[in-house]
Amino acid sequence: MERDDKGRLVKGHGGLKPVGAKSQKSLQWEALGESITGQQAEQFNAFLDKLWSSRNDEDKMIASELYLKTLEYFKPKQARNTIVGDGDAPVQIIISDKL
């Protein structure tokens, strides 16, 4: 592998890997992401629909809990971010689980 005068790898790794080529691990992560946002998301939605359509109130409570937990990953609560600062100081972002 080709290195510069400071011992760092030269961009492009000396021709061993084509520019823009993705590693096997990157390809695996992308496949996992596709699975989660595709087939598994469809199955999860079908499961939630089944719970919501149930006559059992406990099933509806489970659906509510699952929905809210999932929503937290999709759109994190803004209340958990507190912005502190003034005109002369940089803004600090403090993230806390204590609301």
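This report walks through a predicted protein model, from its overall fold to a few individual residues.

Because the model is predicted, local features need pLDDT of at least 70 and side-chain atom pairs count only at pLDDT 80 or more, while totals for chains, interfaces and linings use all residues. Residues are numbered from 1 along each chain as its sequence is written, and side-chain values use heavy atoms, with hydrogens and water left out.

**Overall picture**

The protein has three helices and two strands, arranged along the sequence as α-α-α-β-β. Here helices (H or I, at least four residues) and strands (E, at least two) are DSSP runs, numbered from the N terminus. Of the 99 residues, 5% count as buried. Buried means under 20% relative accessible area, exposed over 50%, and partly exposed in between (1.4 Å probe, protein chains only). The protein exposes about 9100 Å², and carbon and sulfur atoms supply 56% of that area; accessible areas come from the Shrake-Rupley method with a 1.4 Å probe, and for residues only the protein chains shown count as cover. Among contacts (heavy atoms within 4.5 Å) between residues at least 6 apart in sequence, 2% join residues at least 24 apart.

**Where H1 meets H2**

The axes of helix H1 (residues 24-37) and helix H2 (residues 39-53) come within 3 Å and cross at roughly 25 degrees. That angle makes H1 roughly parallel to H2, a label for angles under 35 degrees. Axes are lines fitted to C-alpha atoms, for helices over the stretch in contact, and angles run from 0 to 180 degrees between N-to-C directions. At this meeting point, Glu-34, Ser-35, Ile-36 and Thr-37 in H1 touch Gln-39, Gln-40 and Ala-41 in H2.

**Residues to look at**

A search of the whole structure finds one salt bridge, meaning a side-chain nitrogen of Lys or Arg within 4 Å of a carboxyl oxygen of Asp or Glu. It joins the side chains of Glu-30 and Lys-22 (2.7 Å, N to O).

Ser-54 lies in the loop between H2 and H3. Not counting residues up to four places away in sequence, Ser-54 touches Asp-59 and Lys-60.

Trp-52, Tyr-67, Leu-68, Leu-71 and Phe-74 make a nonpolar surface patch of about 560 Å². Its largest share, four residues, comes from helix H3 (residues 57-74), where Tyr-67 is found. Nonpolar patches join Val, Leu, Ile, Met, Phe, Trp or Tyr side chains within 5 Å, from residues with over 30% relative accessible area and no salt bridge.

| Residue | Relative accessible area | Class |
|---|---|---|
| Lys-22 | 47% | partly exposed |
| Glu-30 | 38% | partly exposed |
| Ser-54 | 16% | buried |
| Tyr-67 | 43% | partly exposed |

Technical notes
Patches are made of residues with over 30% relative accessible area and no salt bridge: like charges are joined within 9 Å, nonpolar side chains (Val, Leu, Ile, Met, Phe, Trp, Tyr) within 5 Å. Angles under 35 degrees count as roughly parallel, over 145 as roughly antiparallel, 65 to 115 as roughly perpendicular and the rest as oblique.
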